[in-house]
Amino acid sequence: LSKSSQIVSGLALITFKLFLQALEDGLKKADADPSVKAVMICGENGKFSAGADIRGFSSPKRHGVALSPIVSLIESSEKPVVAAIEGVALGGGLEVALGCHYRVAHAKARMGLPEVTIGLLPGAEGTQRLPRLIGVPAALDMITTGKHIPATEALKLGLVDEIVEENTIEAAIRLANKVIGQPLEPRRLSLKPVPKLPNMEAFLREALVKVKRQARGCLAPELCVQAVRAATERPFAEGVRRERELFGLLLSSGQAQALQYAFFAERAVRRWAAPGGASWSSAAPQPVRKAAVIGLGTMGRGIVTSLVKANIPVVALEQDLEYLNKGRKAVMLLLEREAMKMEGGAQTLDFHNPARLQFTVDFDLLCDVDLVIEAVFENMALKKEIFHKLSKICKPGALLCTNTSALNIDEIASATNRPQQVIGTHFFSPAHVMRLLEIIYGRHTSPTAIATAMQLAKALKKVGVVVGNCFGFVGNRMMFPYVQQAVFLLEEGSRPEAVDQVLEDFGFKIGPFRMSDLAGLDVGWRSRKEQGLTGPSLAAGTPARQRHGQRYSPLPDLLCEQGRFGQKTGKGWYQYERAGGRTATPDPWLHDFLSQYRDTHGIQSRFIDQEEILERCLFSLINEGFAILAEGIASGPEHLDVIYINGYGWPKHRGGPMFYASTVGLPRVLAKLQKYSEAHPDVPGLRPNAFLKKLVAVRSPPLKEWMSYLSHQSPKL
Ligand SMILES: CCCCCCCCCCCCC[C@H](O)CC(=O)SCCNC(=O)CCNC(=O)[C@H](O)C(C)(C)COP(=O)(O)OP(=O)(O)OC[C@H]1O[C@@H](n2cnc3c(N)ncnc32)[C@H](O)[C@@H]1OP(=O)(O)O
Ligand SMILES: NC(=O)c1ccc[n+]([C@@H]2O[C@H](COP(=O)([O-])OP(=O)(O)OC[C@H]3O[C@@H](n4cnc5c(N)ncnc54)[C@H](O)[C@@H]3O)[C@@H](O)[C@H]2O)c1
């Protein structure tokens with residue numbers, strides 16, 4: 001066989017120029033050699049290809065990258081070319097395979113065109129070949145979502161000709177031998193017509209509406225539909241021209257840069273570092289063979305679900321039988337839904353087995369777990385009581401985690417005999433859905449504890465981000481000034497629906513007032529009462545709109561006093577169809593209430609434009625981000641951005657708040673903050689942070705250099 005076929009070996013991750021050259025040379029050599037009867041293309045180290053090097057797209061020297069001519073060269077070969085797909089065939093890698101006349105895949109291989117997720121579209125004729133091979137609906141689904149499909153599904157779709165359990169390369173060579181001499185014309189995808197649909201026009205129109213709705217301002221999915229539409233309307237060569245045009249538009253849109261930054265930021269945060277030199281490279285995680293969750297309320301039930309999905313046995317504990325039964329029902333419902341979603345897949349959920357999931361009110365059952373996640377009410381005294389109990393009951397090596405949203409990890413740890421094993425694991429609601437896990441180390445937290453929490457995040461398929469300990473940590477701390485500005489804007493004349501609209505148009509999944517109604521206004525109210533900002537502990541004579549000499553808005557407290565807790569009570573910043581309803585409608589009662597409030601406090605209502613709403617909310621959040629970086633609470637701006645994208649619905653195509661600030665331009669952010677701060681001198685959140693000022697003073701270096709301008713040595717990525 002070595003005489004009749006030639007292996008042109010690609011790389012798992014294309015070192016693009018080198019790979020393309022090798023492929024071209026190999027193909028030309030094979031074509032010219034009469035002793036070669038067929039060609040097989042495979043990857044190295046069990047991986048076909050992850051596509052083009054993403055870093056190359058933002059490199060000034062990107063022009064040389066031309067994959068299309070190579071794909072055409074493959075397809076036009078007079079000798080059969082077979083792709084042997086192992087591991088992954090993604091992006092440009094799959095486009096190479098689509099140029100081949102046959103495709104053989106290993107059963108464990110995955111295939112996809114994920115370009116849309118990095119703000120692009122398949123740019124090497126993939127949008128034109130794939131619909132010809134598997135039809136428009138399936139191709140459009142793959143191209144607009146970027147999802148990876150398993151080999152079994154690829155076989156069903158007709159994307160591959162054969163799947164094998166064992167040696168893919170041998171199978172591909174066998175196939176190559178079998179097809180030598182057979183006509184190649186029917187195997188050249190560029191010559192095939194796109195399979196017709198009776199309602200193609202309506203189908204494409206609906207697809208466009210759907211992606212526009214889901215994409216919320218992200219351009220790539222929309223342009224993917226346009227490229228596939230071109231495949232249905234134009235001859236192949238013209239479709240390719242259209243694909244190239246659309247690719248160029250995306251490449252220069254700025255969104256591609258933001259999404260590619262987010263891709264690398266998510267990977268960079270895995271390389272965590274903490275003060276004292278502990279880091280991902282030196283610390284090893286402990287195994288977590290069994291876990292426990294304390295408190296089965298909103299968060300605990302999602303956390304249990306997440307652990308069960310990750311195949312980690314769980315003990316779920318509540319304070320009494322009534323709460324336990326309520327919690328058990330809620331967990332079972334979530335798990336049943338998850339099991340339904342997974343039906344037909346390779347994995348099943350074993351949650352009826354008490355060895356995998358046990359419900360109890362008995363703390364003694366936690367004696368053998370490797371890790372506990374506490375998710376009880378946000379109350380320091382209660383948390384300390386629980387941690388004290390845990391340090392007596394749990395085995396010496398067990399890690400004690402708290403899901404607190406803001407409280408001091410060191411104070412919680414002080415209630416235990418093992419502060420080095422206490423760590424914050426801050427899940428986001430709903431905990432079985434949201435990808436973020438904010439991991440907070442305290443003064444005594446050991447590197448092993450951090451490594452174990454990071455390993456847990458990975459097992460739960462979440463993005464773990466390691467940060468330092470301060471009130472609200474990173475995410476919530478940045479959220480406070482954002483929400484505060486939103487409320488101040490209402491005092492000054494705006495309405496919840498106007499503020500939400502601006503931020504949702506910016507790309508947030510949900511604006512601050514809808515978010516607050518969803519989370520429950522009572523949560524913040526309880527916390528403010530605990531801080532003495534409102535309620536019975538507020539000192540008599542405190543001005544209604546001032547606390548500690550700073551501006552304060554009592555509006556959220558007043559709503560809570562009226563029993564308006566948001567969705568759960570059917571009324572909050574909006575009104576809902578019923579208690580627990582989800583459809584927010586602007587509420588005339590609230591509008592009247594706001595007018596009366598302004599009258600009471602002598603506030604002159606004014607029209608507030610979209611620009612001011614956007615800038616005051618976002619720039620105050622970003623300003624807090626600079627404070628967090630300057631204090632060394634996070635190792636770099638990437639951490640803040642990954643937190644915001646994965647935990648707070650920040651639009652990924654805008655790259656996260658700190659990336660966004662860099663695209664707006666730091667001088668502009670600074671100038672605007674200065675302007676708003678002058679207008680509102682009693683609002684510290686608008687006062688430009690010294691680190692931001694410093695960066696502007698040194699001419700706004702690129703984001704990746706920001707941390708080097710801090711005088712103290714904060715942990716580096
Ligand atoms: C102006 C007119 C212009 C007209 C121009 C027209 C012509 C242009 C021609 C362009 C041709 C386009 C070709 C093609 O359509 C485009 C592409 O192929 S884009 C790339 C598509 N591929 C992807 O998006 C894959 C991304 N990667 C992944 O999904 C995962 O990494 C993985 C491959 C599934 C592996 O996952 P894991 O095992 O979990 O590993 P990691 O994710 O941690 O990755 C390990 C390591 O590798 C780095 N990496 C992975 N993939 C890439 C990549 N494609 N490029 C660069 N680097 C990659 C990753 O960052 C990790 O490294 P670390 O960051 O940790 O250092
Ligand atoms: N709700 C959110 O969106 C959210 C998001 C992130 C973090 N958090 C944090 O997660 C924690 C839990 O919040 P939640 O919203 O799930 O609260 P919740 O009120 O919905 O649930 C708390 C649960 O803890 C149980 N509990 C109380 N005392 C207990 C005890 N002694 N032993 C066992 N169980 C006990 C209660 O019975 C209740 O079921 C808080 O610290 C909160 O700040 C909440």
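Which residues of E14 are buried on one side, and which on the other? In this predicted model, Val422, Gly424 and His426 lie on one side of E14, and Ile423, Thr425 and Phe427 lie on the other. All of these residues are buried, and both faces of the strand are covered.

## Domain layout

The domain assignment divides the chain into domain 1 (3–253), domain 2 (284–472), domain 3 (494–600) and domain 4 (610–709). Between domain 1 and domain 3, the C-alpha centres are 51 Å apart.

Strand E14 covers residues 422–427 and is mostly covered, with six of its six residues buried. In a regular strand, side chains alternate between the two faces of the sheet. In E14 one side carries Val422, Gly424 and His426, while the other carries Ile423, Thr425 and Phe427. E14 runs parallel to strand E13 (residues 399–402), and three bridges join the two. Thr402 has Gly424 as its bridge partner in E14. E14 is also joined to strand E15 (residues 436–441), here by five bridges and in the antiparallel sense. Two residue pairs locate this pairing: Thr425 has Ile439 as its bridge partner in E15, and His426 stands opposite Glu438.

E15 is largely enclosed by the rest of the structure, because six of its six residues are buried. Leu436, Glu438 and Ile440 point one way from E15, and Leu437, Ile439 and Tyr441 point the other way. E15 pairs with strand E16 (residues 463–467) in the parallel sense, over five bridges. In this pairing Leu436 stands opposite Val463 in E16.

## The sheet E4-E6-E7

Another sheet is open and consists of three strands in the order E4-E6-E7, with mixed pairing. Strand E4 (88–90) and strand E7 (149–150) stand at the edges; each has a single partner strand, so one side of each has no neighbour in the sheet. E4 pairs with strand E6 (residues 110–112) in the parallel sense over three bridges. Leu90 stands opposite Gly112 in E6.

## Aromatic pairs and a cluster

How many aromatic pairs does a search of the whole structure find? The search finds 17. One of them is formed by Phe506 and Phe508, a tilted pair with 6.1 Å from centre to centre and 35° between the planes.

Trp589 and Phe593 are four residues apart in helix H22 (residues 588–600), so about one helical turn separates them. The two residues fall in separate accessibility classes: Trp589 is partly exposed, at a relative accessible area of 34%, whereas Phe593 counts as buried at 12% relative accessibility. Phe506 and Phe508 also belong to one aromatic cluster, together with Tyr482, Trp650 and Tyr660.

## Arginines over rings

Two arginines are placed over aromatic rings. The charged end of Arg267 sits over the ring of Phe263, at 3.7 Å from its centre. Arg547 lies over the face of Tyr552, and here the distance to the ring centre is 4.1 Å.

Where is His680 placed, and is it buried or exposed? His680 is in the loop between helix H26 (666–679) and helix H27 (690–697). His680 has a relative accessible area of 10%; it counts as buried because this value is under 20%.

Apart from neighbours within four places in sequence, His680 is in contact with Glu492, Arg551, Arg616 and Leu686. With Arg616 there is also a polar contact between the two side chains, at 3.4 Å.

Key
Residues are numbered from 1 along each chain as its sequence is written. Chains are lettered from A and ligands numbered from 1 in the order in which they are written. This is a predicted model: local features need pLDDT of at least 70, side-chain atom pairs count only at pLDDT 80 or more; totals for chains, interfaces and linings use all residues. Side-chain values use heavy atoms; hydrogens and water are left out. Buried means under 20% relative accessible area, exposed over 50%, partly exposed in between (1.4 Å probe, protein chains only). A polar contact is a pair of N or O atoms within 3.5 Å; within protein, one must be able to donate a hydrogen and the other to accept it, and residues adjacent in sequence count only if both atoms are side-chain atoms. Contact means heavy atoms within 4.5 Å. Rings of Phe, Tyr and Trp (its six-membered ring) pair if their centres lie within 6.5 Å; planes under 30 degrees apart count as stacked, over 60 as edge-to-face and the rest as tilted. A charge sits over a ring if NZ of Lys or CZ of Arg is within 6 Å of the ring centre and within 35 degrees of the ring normal. Domain bounds come from an automatic or database domain assignment. Two strands pair if DSSP finds at least two bridges between them.
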